[in-house]
Amino acid sequence: MSQKVERTVIRYSNSFKLMVVQEIEEGHAIEAIRRKYGIGGGATIQIWIKKYGRNHLLNKVVRVETMNERDRIKELEEENRKLKIKLAETFLAKDCLEELVKIANEEYRTDLKKNFGTRSPNDLKKDTE
């Protein structure tokens with residue numbers, strides 16, 4: 001038997017979130033504010049800043065890459081695009097062939113999928129004679 005673990009879910013009001021963001025915008029450290037109010041999770045306040053504050057407080061990610069890296073990324077994106085097109089064409093061809101088999105089964109009252117490759121050795125002898 002498994003025991004149910006009771007968890008406490010804390011919901012913060014919008015006014016509380018705005019107050020926290022305002023304190024951070026006034027210059028208080030995010031970690032200090034988090035500890036002051038007992039806010040769990042490192043990303044919680046970051047989410048509030050993104051939603052309610054001025055994004056200048058959030059860390060910016062700057063990617064620096066060489067021309068070779070940029071060219072390689074473009075090549076890979078183009079290859080990826082071509083492969084997606086080929087995959088779509090393959091699915092389309094498969095669907096067409098399945099429809100063709102379905103129509104042939106109806107027309108000739110047979111089941112090509114079941115009967116495919118199930119010729120008896122006697123039939124093979126007749127073909128070679």
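1. Basis of the model. This is a predicted model, in which local features need a pLDDT of at least 70 and side-chain atom pairs count only at pLDDT 80 or more, while totals for chains, interfaces and linings use all residues. Residues are numbered from 1 along each chain as its sequence is written, and side-chain values use heavy atoms, with hydrogens and water left out.

2. Confidence. The pLDDT, which is the predictor's confidence in each residue on a scale from 0 to 100, averages 84 over the chain, and 82% of the residues score at least 70. Among the elements of the chain, helix α4 (residues 67–108) has the highest mean pLDDT, at 94, whereas helix α6 (residues 121–128) has the lowest, at 56.

3. Overall make-up. The chain holds six helices and zero strands, where helices (H or I, at least four residues) and strands (E, at least two) are DSSP runs numbered from the N terminus. Of the 129 residues of the chain, 11% count as buried; buried means under 20% relative accessible area, exposed means over 50%, and partly exposed lies in between, using a 1.4 Å probe and protein chains only. Among contacts (heavy atoms within 4.5 Å) between residues at least 6 apart in sequence, 36% join residues at least 24 apart.

4. Packing of α1 on α3. Helix α1 and helix α3 (residues 44–52) pack at an angle of about 90°, with their axes 10 Å apart; the axes are lines fitted to C-alpha atoms, for helices over the stretch in contact, and angles run from 0 to 180 degrees between N-to-C directions. That makes α1 roughly perpendicular to α3, in a scheme where under 35 degrees counts as roughly parallel, over 145 as roughly antiparallel, 65 to 115 as roughly perpendicular and the rest as oblique. The residues that meet here are N14, F16, K17, L18, V20, V21 and I24 in α1 and I45, W48, I49 and Y52 in α3.

5. Aromatic pairs. Rings of Phe, Tyr and Trp (its six-membered ring) pair if their centres lie within 6.5 Å, with planes under 30 degrees apart counted as stacked, over 60 as edge-to-face and the rest as tilted. By this rule there are four aromatic pairs. One of them, Y12 with F16, is stacked, at 5.3 Å centre to centre and 15° between the planes, and Y12 counts as partly exposed at 22% relative accessibility. Another, F16 with Y37, is edge-to-face, at 5.3 Å centre to centre and 85° between the planes. This second pair links distant parts of the chain, with F16 in helix α1 (residues 14–25) and Y37 in helix α2 (residues 30–37), 21 residues apart. Y12, F16, Y37 and W48 form one aromatic cluster.

6. The surroundings of E23. E23 is buried, with a relative accessible area of 12%, and its side chain is joined to that of Y37 by a polar contact of 2.5 Å. A polar contact is a pair of N or O atoms within 3.5 Å; within protein, one must be able to donate a hydrogen and the other to accept it, and residues adjacent in sequence count only if both atoms are side-chain atoms. Y37 is partly exposed, with a relative accessible area of 26%. A polar contact of 3.3 Å joins the side chains of E23 and K36; K36 lies in helix α2 and counts as exposed at 55% relative accessibility. Leaving aside residues up to four places away in sequence, E23 touches H28, I33, K36 and Y37.

7. A backbone detail. R109 has a positive phi of about 50° although it is not a glycine. R109 has its place in the loop between α4 and α5 (112–115), and it counts as exposed, at 76% relative accessibility.
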